[in-house]
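Please look over the sequence and the model first.

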Amino acid sequence: MPKKYVDRMKRTIPKKVFGGRFGAPDVVEWKIHPDDYVETGTRPWEQDMVNKNLERENRYSQANIGKKFYELKKEVSKKMDDEKWHIFVGDRVQVMVGKEKGKQGTVIKVSRDTSEVWVENVNCVLEEEQTGAEKFGIDNSFRWKEKPLSVVEAEVMLVDPNDEETCTAQWVISPDGSEYLRKSTRSGFEIPIPSQALMTYEYIQPEKYIEVSEKDTPSSIALTRTYVPKLATFAVSCQINVKGTMNDGF
């Protein structure tokens, strides 16, 4: 998703910028201060998260208006370095803690910002299907929902498909030097990246993506800079760009 859209959903965007301070840095009034936003693993454009962010924005604004102390959220978990991350959607992992210790399952969701993964039908809790449905005369229903497991805390480990045993992995450059391969540090065998990990909102597999030239504007044209700035007074600009008189509708 575009970064501007994600930041807008997080509400971590400037509300007003006070500039022109004679060389001093601009003063930014935020909707939600970027340091106050803590990743939860839930996509910020999901309705529950949007409501929470709007509520947080309102409290942040009221505290600023009332000049009250506002305690920022504290980061619970940190993002792992890219070179240390080895688990992707579609991988088979094994739970290492809790009552389901030793159970294996498929990763259905990954949160790189919180270093957590969701495993299909593992670590589930019973939750309401729709909160407040009884107010509208609808019978309340429940469903089992997966909860995240931390990779940093070693709550899950990658399973080597060659022997179905847990392992750690490392990135190794391919013999031709064209790409990085994920290999088990225990067996030395390659662990291919699942095809599900390559899915995006535009395609399921990159090699099967087809750009429709008749309908979609190619990126080479969309990114072409056509505006040429020039220095001119307002009077000269009017003489060049404005034609006709007031009677012509201008």
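## Basis and overall make-up

This is a predicted model, in which local features need pLDDT of at least 70 and side-chain atom pairs count only at pLDDT 80 or more, while totals for chains, interfaces and linings use all residues. Residues are numbered from 1 along each chain as its sequence is written, and side-chain values use heavy atoms, with hydrogens and water left out.

The protein chain has 4 helices and 12 strands. Helices (H or I, at least four residues) and strands (E, at least two) are DSSP runs numbered from the N terminus. Of the 250 residues in the protein chain, 22% are buried. Buried means under 20% relative accessible area, exposed means over 50%, and partly exposed is in between, with a 1.4 Å probe and protein chains only. Contact means heavy atoms within 4.5 Å. Among contacts between residues at least 6 apart in sequence, 46% join residues at least 24 apart.

## The nonpolar core

In soluble globular proteins, nonpolar side chains tend to be buried together. A nonpolar core is here a set of buried Ala, Val, Leu, Ile, Met, Phe, Trp, Tyr and Cys residues joined through side-chain atoms within 4.5 Å. The largest one has 16 residues, and those with the most contacts inside it are I87, V93, V117, V151 and V156. At least two residues of this core come from each of the strands β3 (92–95), β5 (116–119) and β9 (156–160).

I87 can be followed in detail. Leaving aside neighbours within four places in sequence, I87 is in contact with V93, V107, V110, V117, V151, V156, L158 and R182.

## Helix α1 and the residue after it

Helix α1 spans residues 3–10, and V6, D7 and K10 are buried in it. Seen down the axis of α1, these buried residues fall within an arc of 100 degrees, so they line one face of the helix. The arc is that of the directions from the helix axis to the C-beta atoms. The cover over the buried residues of α1 includes α2 (47–65).

Just after α1 comes R11, which has a positive phi of about 70 degrees.

E116 is found in strand β5. E116 is buried yet has no salt bridge. A salt bridge is a side-chain nitrogen of Lys or Arg within 4 Å of a carboxyl oxygen of Asp or Glu. The nearest side chain of opposite charge is K109, 8.4 Å away; Lys and Arg count as positive and Asp and Glu as negative, and His and the chain ends are not counted.

The side chains of E116 and T114 are joined by a polar contact of 3.1 Å. A polar contact is a pair of N or O atoms within 3.5 Å; within protein, one must be able to donate a hydrogen and the other to accept it, and residues adjacent in sequence count only if both atoms are side-chain atoms. Not counting residues up to four places away in sequence, E116 touches T40, W85, K109, V110, S111, P148, L149 and S150.

## Salt bridges

Side chains of opposite charge can pair when their charged atoms come close. The count comes to 11 salt bridges. R11, K31 and E57 are linked in a network of salt bridges.

Another salt bridge joins D163 and R186, with the closest N and O atoms 2.7 Å apart. D163 is in the loop between β9 and β10 (165–167), and R186 is in the loop between β12 (180–184) and α3 (219–222), 23 residues apart. D163 is partly exposed at 32% relative accessibility, and R186 is partly exposed at 44%. R43 and E46 also meet in a salt bridge (3.6 Å, N to O). R43 is partly exposed at 35%, and E46 is partly exposed at 31%.

## Positive phi in two loops

Most residues other than glycine have a negative phi. A154 has a positive phi near 60 degrees. A154 is found in the loop between β8 (149–150) and β9, and is partly exposed at 41% relative accessible area.

E164 is not a glycine either, and has a positive phi of about 60 degrees. E164 is found in the loop between β9 and β10, and is partly exposed at 39% relative accessible area.
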